[in-house]
Amino acid sequence: MKEAAIEQARALYEEVPDRQEFMEFMDVMKLTPELCDLLGRPVVKMSDKIRVIRRLSEKAGFSTKICNFLIELTRNHQISLLLEIAEAYSKIWDEENHYLKIEAIFAKEPTDDEIREARDYLGKRYGSRHVQLCVEVDPSILGGRILRTRGVEFDQSYRGWLEQLEKSLIEEAY
């Protein structure tokens, strides 16, 4: 992810901390990819772009802050970063609001206790009050679990343990 997208997302979060308002804005933008294309074209006059943004904002009910953000993105020729900004905004919102999304992989369908344990394990580790768990079943991990969140993987699977054992035995042999 580009640093410019992260910076823009942080600035947007400071101005628009309401996730619902941001998501409604992004829903409109995703439904009209032609708009981003138009706003990114150098042959279209900046005054025309701004007029389109203001009209869209009025019709869609965007706040003045969202409207101004879109204008600044367009003026700075960064409209192509919008999807990356949206991704970064979501991550910032999650962190600031102690919200954690976890991908959990189990060898078989987990019990309620296993799900609760996975939530608690990473929720406490990251200081998160709200934990969303997405469960997958993958018999190839043999047993245990693999948890992924915020770009970090916690491999507590039998397959992972066996791979670590194999690696350490090979290292000892040489």
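Contact means heavy atoms within 4.5 Å.

**Ground rules**

I am working with a predicted model, where local features need pLDDT of at least 70 and side-chain atom pairs count only at pLDDT 80 or more, while totals for chains, interfaces and linings use all residues. Residues are numbered from 1 along each chain as its sequence is written, and side-chain values use heavy atoms, with hydrogens and water left out.

**Entry 1**

Which residues does L82 touch, not counting residues up to four places away in sequence? I found F25, M26, M29, C36, F69 and L73.

Next I looked up the largest nonpolar core, which has 30 residues. Such a core is a set of buried Ala, Val, Leu, Ile, Met, Phe, Trp, Tyr and Cys residues joined through side-chain atoms within 4.5 Å. Buried means under 20% relative accessible area, with exposed over 50% and partly exposed in between (1.4 Å probe, protein chains only). L12, F22, F25, M29, L82, I85 and Y89 touch the most other members. Two or more residues each come from α1 (3–15), α2 (19–31), α3 (33–40), α4 (46–60), α5 (64–75) and α6 (82–96). Helices here are DSSP runs (H or I, at least four residues), numbered from the N terminus. The largest share, seven residues, belongs to α6. I also noted another core lying apart from this one, with 10 residues, including L100, I102, L147 and F154.

A reminder to myself: in soluble globular proteins, nonpolar side chains tend to be buried together.

**Entry 2: α1 against α6**

How do the axes of α1 and α6 cross? They come within 8 Å and cross at roughly 55°. I take axes as lines fitted to C-alpha atoms, for helices over the stretch in contact, with angles from 0 to 180 degrees between N-to-C directions. The two helices are therefore oblique to each other; under 35 degrees counts as roughly parallel, over 145 as roughly antiparallel, 65 to 115 as roughly perpendicular and the rest as oblique.

On the α1 side I listed A5, I6, Q8, A9, R10, L12 and Y13, which meet E84, I85, A88, Y89, I92, W93 and E96 in α6.

**Entry 3: two buried residues**

Is Q8 buried or exposed? Q8, in helix α1, counts as buried at 17% relative accessibility. Leaving aside neighbours within four places in sequence, Q8 is in contact with F69, L73, N76, Q78 and I85.

R19 sits in helix α2 and is buried, with a relative accessible area of 17%. Not counting residues up to four places away in sequence, R19 touches Y89, S90, W93, D94 and K101.
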